[in-house]
Amino acid sequence: MARRGAGEGSIFKRADGRWCAYLSLPQGGRRYLYGRTRADVQRKLATGHQTLAKGLSFAPERQTVGDFLTGWLEGQHQRLRPNTWKRYEEYVRIHTVPTLGRVKLAALSPQHLDRLYAQRIAAGLSPTTVHHIHAVLHKALEQAVRWNLVPRNVADLVDSPRSGQKSMRALSPEQTRTLLGGAADGPLEAILTLAVTTGMRKGELLGLRWSEVNLERGAVHVVGTMQRHPNGELVVSPPKTARSRRQVELTPVALDALRRHRARQVEMRLLLGPEWNAAGLVFPSSLGKPQDGSHLLYGLFHPLLERLGLPVIRFHDLRHTAATLLLGQGIHPKIVSEMLGHSTIAITLDLYSHVTPTMQRDAARAMNKLLAGS
């Protein structure tokens, strides 16, 4: 055994040439630390003493990052919306575990995460996606810290790629009129009209039930959104945020489109009889069942845009179109924020800052007219 330095009574050199140290754990037993040099082990030992001095414990030596993340995900089922949980699971299973799954949780370092992010970027993932992976790992490792499995969250020490804001494409008023005119009396008439006049999300539209539509009052109550459960089933879940649960006023154009849509749906229900699924959805599949919107988007919406000579945009861009048109008409951002179901008005102003210069010019003209009298 090699000679030990002062205060290093637990450091020694093994017969295989590696250096080793051990910590006596409060609950009994020892925790062994290994390194190629005495300095490596000395640093690990000092960190271990600091961890114990803080009253923290260590992750089980055999627990891997993959084991921990799998267990952590299982505990998130009841805390996350189905679609969110599915994304978390994909970030872990597809992008993290293949690279870091076998690394011991106690040995996970900032370098491991840094290499993971670089590899994912090199594999073709966008910086935004890698940023989301980082956010999930940070959340999981924060739980590991609270459980005293690790002394620190190594994700705090790593800079993830900057998340870029998705580009949005809003239709102009002329293009919007072309779209609604081209969809008139067709299967997309009502859903497109509601999308561009209310700014409702696709999931909110697909989860809307007739019981939440008041045609006499001219309003809809948004109380849910269509989500795909991890088991594959489509279910209507609570909305994205508390502010997403809201009442939205309908325009006469939207009301007329909904009435025509309901009449067509009644005819279809009578035609199919018992084959019709009585889920009460406003925008179900052709058999009345819940739909995830993939056929709506690729089978109907994109072909309609191409036929009308319009830009091939995402369905979500109709939400941006609604907000841009409303703000461009001078509607107060607070009202627009409430219609869209944003959690704060700051989100609305940040997303649609491109409309603000026009609003400011209009405000300046109005102030000049008031004060100058012309």
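Because the model is predicted, local features are taken only at pLDDT of at least 70 and side-chain atom pairs only at pLDDT 80 or more, while totals for chains, interfaces and linings use all residues. Residues are numbered from 1 along each chain as its sequence is written, and side-chain values use heavy atoms, with hydrogens and water left out.

Let us start with the whole protein. Its secondary structure comes to 14 helices and eight strands; here helices (H or I, at least four residues) and strands (E, at least two) are DSSP runs, numbered from the N terminus. Of the 374 residues in the protein, 41% are buried. Buried means under 20% relative accessible area, exposed means over 50%, and partly exposed lies in between, with a 1.4 Å probe and protein chains only. Among contacts between residues at least 6 apart in sequence, 59% join residues at least 24 apart, where contact means heavy atoms within 4.5 Å.

Now to the strands. Strand S1 (residues 11-13) pairs with strand S2 (residues 19-24) in the antiparallel sense over three bridges; two strands count as paired if DSSP finds at least two bridges between them. Phe12 stands opposite Cys20 in S2. S1 and S2 form a hairpin with five residues between them, and Gly17 in the turn has a positive phi of about 95°.

Strand S5 (residues 219-222) runs antiparallel to S8 and is joined to S8 by four bridges. Within this pairing, Val220 stands opposite Val248 in S8.

Is Glu212 buried or exposed? With a relative accessible area of 11%, Glu212 is buried. Not counting residues up to four places away in sequence, Glu212 touches Gly207, Ala219, Val220, His221 and Val223. The C-alpha atoms of Glu212 and Gly280 are separated by 9.9 Å, although these residues are 68 apart along the chain.

Turn now to helix H6 (residues 173-183), which packs with helix H10 (residues 294-307) at an angle of about 115°, the axes being 10 Å apart. The axes are lines fitted to C-alpha atoms, for helices over the stretch in contact, and angles run from 0 to 180 degrees between N-to-C directions. Which residues make the contact? H6 contributes Leu179, Gly182 and Ala183, and H10 contributes Phe301, Leu304, Leu305 and Arg307. These residues divide into five nonpolar, one polar and one charged, with Ala, Val, Leu, Ile, Met, Phe, Trp, Tyr, Cys and Pro counted as nonpolar, Asp, Glu, Lys and Arg as charged, and the others, Gly among them, as polar.

In H6, Thr176, Leu179 and Ala183 are buried. They cover an arc of only 60° around the axis, which puts them on the same side of H6; the arc is that of the directions from the helix axis to the C-beta atoms. What covers the buried residues of H6 includes H7, H10 and helix H11 (317-328).

Just after H6, Asp185 takes a positive phi of about 65°. Most residues other than glycine have a negative phi. Asp185 sits in the loop between H6 and helix H7 (189-198) and is exposed, with a relative accessible area of 58%.

Helix H12 (residues 333-340) has its own set of buried residues, namely Pro333, Val336, Ser337, Met339 and Leu340. Their arc of only 165° around the axis puts them on the same side of H12. Just after H12, Gly341 takes a positive phi of about 80°.

Leu52, in helix H1 (residues 38-53), counts as partly exposed at 21% relative accessibility. The C-alpha atoms of Leu52 and Pro151, 99 residues apart along the chain, are separated by 9.3 Å. Val97 lies in helix H3 (residues 82-100) and is partly exposed at 29% relative accessibility. Leaving aside neighbours within four places in sequence, Val97 is in contact with Gly66 and Val92.
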